[in-house]
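Please read the report below alongside the sequence and the coordinates.

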Amino acid sequence: MSSSTSKAPSTEFDAKYGILNLNTPPRSPMCGRYKQSFAYYTLRSRLPITLTSIIDSITKDKDELISKYGEDSREEIKNIIGSISKLKYQLQTDKALEPFVGNEPDIEIWNNFIQNMDEENNSFFKACWLYAECYMYRRLSSFFENSKTLTSFDYFAKQKQNALMNSVVCIEEILNVLQGVEIAYDSFRLMLKLNLWGNRCDLSITSGKQVQLGNNPFDLIRSFDNKILIDNSESVFECLKSANSNKPAVVEFVCDNAGYELFTDFVLADYLIKSKLVEKVRFNLKAIPWFVSDATINDLNWTLYYLQNHSIPILKEYGKRWQELLNNKKFEIAPLDYFWTSPYEYYRMCNINPELYQKLSESRLVIFKGDLNYRKLIGDFSWSCTEQFITCLRGFLPTDFVSLRTVKADLICGLLEGQAEKVFEIDKNWMTTGEYGTIQFISKPTIYDKAAITSSLSME
Ligand SMILES: O=P(O)(O)OC[C@H]1O[C@](O)(CO)[C@@H](O)[C@@H]1O
């Protein structure tokens, strides 16, 4: 059930590029060809704005960049601005996704993917939305990665850092509460919800504009309680507590945004360690700047540095505490993996990257953060809202996992009959505002469960 049902007038662009004035048909890949979809809106409006704002910020900061990266960067900045403009033109004229020709370490993953795309679906508006959008961010990064002077420059870093600095009031409030928190199911649930709503703060939904949080995060959480459409918190807690699990008490975060959201990841991770529910938390981060605000290793390190050097004592204290947890390997940064910035849906992980699948399967719980991870879990496909999560995962089940996502794209599964219709009556744009959230858990059957399932089937 998506937002717009009114038919927007057809334009010259639509006629030229075969855009259909329709919603995504049921049970089909989402793509920019459908004018009533969020995919179309993203490709037509949001992504060009993102590209323009990068051009603007590099142009504005040119002198600063040259003094940091050297005189040779002057010419490279000019060329990169040209390449970004060309990419924007290619996006706006529905050109094909081209193979990469540079020296990036993940060239092969990407080029194999592009080579295997159907020719008739290989263009920005005809390809599956997920592929087209990931490709745009990957292409963007290639301009910098193939330069001589700007390989280490993260063109989204300033925005990510501002997002954290703008949340200091909230951060202080949360740390004061965290300090006195009792270890019990209620507080676990509160930490999980805090972490869920941290995902509202992504900068790509706003094409880079800062998200206003308000000053009291706990008021916000309480007022949003009826906006959690699926809440499997209890199963997550049971999974972590399960004493007879044969898996080590390790939790993998597949992180999403830097800034305030990454801070809430630390808060939940800290709680998990302090409560002894978990022995180790591992953070999986992005290898390249991604979807504007996604966290890289530099963002994580910068966050800890910022907190440790803050003038507010409790920020300093927690910054140091988390740095120590990292030094003592209670917190760990997972080895960089380019799978997270590939276009592949997660159901393809066991073929494309069996080592990563195996690594995830060794942990007790994986926490997939955010909207893009959700899209990769259920694969940019217009499932019925009531389709079961397990069906939509198409076999991806390395271990027990939970998705914490605020709904920012027009796909979802696992709702009850009639639930989507009710929310639609309240807000017809509910799928793209980030105001609704889901805590969706799935458990991997153990050998014993599997045996029980098989024997109950054979009895029927
Ligand atoms: O940071 P998140 O939660 O993954 O959101 C990513 C953003 O990218 C999209 O998935 C597509 O642009 C949006 O739906 C969302 O705004």
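## Basis of the model

This is a predicted model, in which local features need pLDDT of at least 70 and side-chain atom pairs count only at pLDDT 80 or more, while totals for chains, interfaces and linings use all residues. Residues are numbered from 1 along each chain as its sequence is written.

To the contact between them, domain 1 contributes 27 residues and domain 2 contributes 23 residues, two residues being in contact if their C-beta atoms, placed from the backbone, lie within 7 Å.

On the side of domain 1 that touches domain 2, the elements giving two or more residues are helix H2 (38-60), helix H5 (107-115) and helix H6 (129-145); helices (H or I, at least four residues) and strands (E, at least two) are DSSP runs, numbered from the N terminus. H6 gives the most to this side, with 8 residues. By class, this side of domain 1 has 17 nonpolar, 6 polar and 4 charged residues, where Ala, Val, Leu, Ile, Met, Phe, Trp, Tyr, Cys and Pro count as nonpolar, Asp, Glu, Lys and Arg as charged, and the others, Gly among them, as polar.

## Packing of H4 and H6

Helix H4 (residues 73-92) packs with H6 at an angle of about 160°, their axes lying 9 Å apart; axes are lines fitted to C-alpha atoms, for helices over the stretch in contact, and angles run from 0 to 180 degrees between N-to-C directions. That angle makes H4 roughly antiparallel to H6, a term for angles over 145 degrees, with those under 35 counted as roughly parallel, 65 to 115 as roughly perpendicular and the rest as oblique.

Ile80, Ser83, Ile84, Leu87 and Leu91 of H4 meet Met136, Arg139, Leu140, Phe143 and Phe144 of H6. The residues of this contact divide into 8 nonpolar, 1 polar and 1 charged.

## Loop residues

Most residues other than glycine have a negative phi. Asp94, in the loop between H4 and H5, has a positive phi near 50°, and Val292, in the loop between E3 and helix H13 (297-308), has a positive phi near 60°. Asp94 counts as buried, with 20 C-beta neighbours inside 10 Å, and Val292 is buried with 23 other C-beta atoms within 10 Å; a residue is buried if 20 or more other C-beta atoms, placed from the backbone, lie within 10 Å of its own, exposed if 12 or fewer, and partly exposed in between.
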